[in-house]
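Hi everyone, thanks for coming. Let me walk you through a structure that may be new to you.

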Amino acid sequence: VPGARPIVFLTDFGEGDFYAGILRAVAASSAPASPLIDLSHAIDPHDVNQASFVLALSLEYLPPDAVVVAVVDPGVGGARRGLIAGAAGRTIVAPDNGLLSDVLATTPAVHILALDESAVGRATGAVIRGATFHGRDVFAPVAAAIARGIAPATLASEAGGVVMLRDVPSVSIEPGTPESPTRITGTGRLIDRFGNILSDIPRSLVERTFGANPCRVVVNRTDAGPLRATYGDGAPGQLLVLFNSWDRVEVAVREGRAADRFPGLDARRIRIELNGE
Amino acid sequence: VPGARPIVFLTDFGEGDFYAGILRAVAASSAPASPLIDLSHAIDPHDVNQASFVLALSLEYLPPDAVVVAVVDPGVGGARRGLIAGAAGRTIVAPDNGLLSDVLATTPAVHILALDESAVGRATGAVIRGATFHGRDVFAPVAAAIARGIAPATLASEAGGVVMLRDVPSVSIEPGTPESPTRITGTGRLIDRFGNILSDIPRSLVERTFGANPCRVVVNRTDAGPLRATYGDGAPGQLLVLFNSWDRVEVAVREGRAADRFPGLDARRIRIELNGE
Amino acid sequence: VPGARPIVFLTDFGEGDFYAGILRAVAASSAPASPLIDLSHAIDPHDVNQASFVLALSLEYLPPDAVVVAVVDPGVGGARRGLIAGAAGRTIVAPDNGLLSDVLATTPAVHILALDESAVGRATGAVIRGATFHGRDVFAPVAAAIARGIAPATLASEAGGVVMLRDVPSVSIEPGTPESPTRITGTGRLIDRFGNILSDIPRSLVERTFGANPCRVVVNRTDAGPLRATYGDGAPGQLLVLFNSWDRVEVAVREGRAADRFPGLDARRIRIELNGE
């Protein structure tokens, strides 16, 4: 149905204010036939890196014609541009602040346009009031216009090659030498409500690197034994590392919270090493 | 409209992660015409008993053709089956871990099938990755398939009589003797954000048992006086017990939090006795 | 499309219980074609004043044909009436407890009807069980009936002039004298998750009063300098006052939380003075 592309929200607005609700209302006003899907409003405030990771993990699960509004925007009111990206069939509307980094690192053939604010104003009737709520005044109206069928090219022009990137993914490989084994290193990217530490180290890379050979895992300086198959493979309370349901390496504790073993550290400060034998 | 059965979510995922959002996205991808309704993602983590109670209280208020995805699943990755239950016109997709106990105790003619994972894979294209997110990989795709019109019997077969039950409802009756009055006993099942303690003792049972005769209530060892008609019937700060809007017995404090009178106890540890006179 | 007016929710139910979900389910049961939009369930419990402010700020952003269910209702079970208000094209269903005060103060030609409970019962089949959940039993069914196309006048009758009002907006003006400058005074109305203090002092009033002349701001007894254009105009850590994206005066701290400068005070206890020079 024309006008019915679903609109997906990813923000750091929380649900403790009415700001996420205003995004929903603005999108519904402008694209009344579009289903609205809250992916998450729980990104840590201003944590663009975390939003980038969540967006990349989620992309394949979104409706194939989804228009995503991704607003984690500490630079609102400054000079940063807005972007429209086409990735894996979906369209993403987001600030140019690194939020697309993981999608760019993991998705082939992403096409990026830069918003033209005067074209946006003409097409959406958007009026920016104050300098502080581009989610309401720009990103949601743009997403709704695209969901209604307006071509991104009428709102934006080629972004050129200079889109902002963050240092993601976190993964690096050191090839083995006679003296030292092959090593894959990465960091945590997200701590979930169960205290699990999700990394962006992909299962495919680990399997390609080590094949059927075992590897041992070290998390910061703690030995976490071999890679496990399931949460049940560890003793209760034991730190264990496995491939999770996102096909990424994850640090967990059976019947416990892995993050509590690294108190005060955010995910990026938790380093995960996989060492061949 | 075929394909438009609404999909209702009941989980312990919280809104602090993106996991509830992924369920919504998966359902929307597979059943794009279905309205999505979040009943609650705030079940206490792994508290199957609480989810069972909330599901039973809510059932009659759900759209009459709703498909419910109920995922509170501490045993994910283990041997527990998935179920499809038909109850009061709605269809419920849930793990076989006791989540249906209250519905079975309060709803006539519940019909239960056990998911056949290979049939599920064929019908939904579901792929289980890792051992940890059956909500995303099984329960939501199954619910979406049913919402689209696929018959449960193509995904599941007769469950037999051995569905897991929990010890719910919590209610028992001691008939009166010359020495002691008739007594109904139950426990709390849920503490809400106002600190009210909701039990599963039904108004109909109390009225049938005591009729027009008064009864006195004791909560753990505290005398809570007679059953009241409304919250306003107690003095401010006073523990009071009444029939709530779910037609169940509830413990409250006017302008206060009843749960704070029983510090450190979860709902099931709070015992409510109604004694005839 | 008849039957497709969107339904918008504004409550103090939080997302930690299933009560907001029940409102959604009841609305979806009765108006299955209506999109459901959660504006906010995060109003502070029983804070009618805050809900009134949020509703007025949000009104113009809601779909032009929205039906709003606004339930912050500390007097549930008492004698207060229910209301149906027509304002700026939208329809609002709310208790008669002051929740409409800011809408009445800022929107022309609001038309208000008082719910007739027996008419509601006939039209919606609503049954009030217990004395405590009119959101579920009255307000959501009424909103859904209106969203389906039932005329408000079949559910309600003229409210007369005696609708409850709160002392909002908070704004007053003292004209200047030779001895003292012109002064606009207001209070905070809402503290958001970033610690910003939103007032209801409108930009238009300030500009009309002071024109191009500067004014200085005092927040409780703290000098906050002149009115600023953007958050970036203050030094980090400095209290600053500006027009926000709602065209209202707001108190902020660059890279900090303004509310933390006024510990223990709720928004209404924070007084904002704009003094001409």
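How many residue pairs are in polar contact between chain C and chain B? The count is eight, with both residues at pLDDT 80 or more; a polar contact is a pair of N or O atoms within 3.5 Å, where within protein one must be able to donate a hydrogen and the other to accept it, and residues adjacent in sequence count only if both atoms are side-chain atoms.

A word on the source: this is a predicted model, where local features need pLDDT of at least 70, side-chain atom pairs count only at pLDDT 80 or more, and totals for chains, interfaces and linings use all residues. Residues are numbered from 1 along each chain as its sequence is written, chains are lettered from A and ligands numbered from 1 in the order in which they are written, and side-chain values use heavy atoms, leaving out hydrogens and water.

Back to our interface. Chain C brings 25 residues to the contact and chain B brings 26, contact meaning heavy atoms within 4.5 Å. Together they bury about 2,100 Å², 60% of it on carbon and sulfur atoms; that is the accessible area (1.4 Å probe) lost on being put together, summed over both.

Now, the side of chain C that touches chain B: α1 (19–30) and α5 (134–148) of chain C each give two or more residues. The most comes from α1(C), with eight residues.

Finally, a look inside chain A. D102(A) sits in helix α3, residues 101–106. D102(A) counts as buried because its relative accessibility is 3%, and buried means under 20% (1.4 Å probe, protein chains only).

Technical notes. Helix = DSSP H or I, 4+ residues; strand = E, 2+ residues; numbered from the N terminus. Buried < 20%, exposed > 50% of the residue type's maximum accessible area, 1.4 Å probe, protein only. Buried area = accessible area lost by both parts, 1.4 Å probe.
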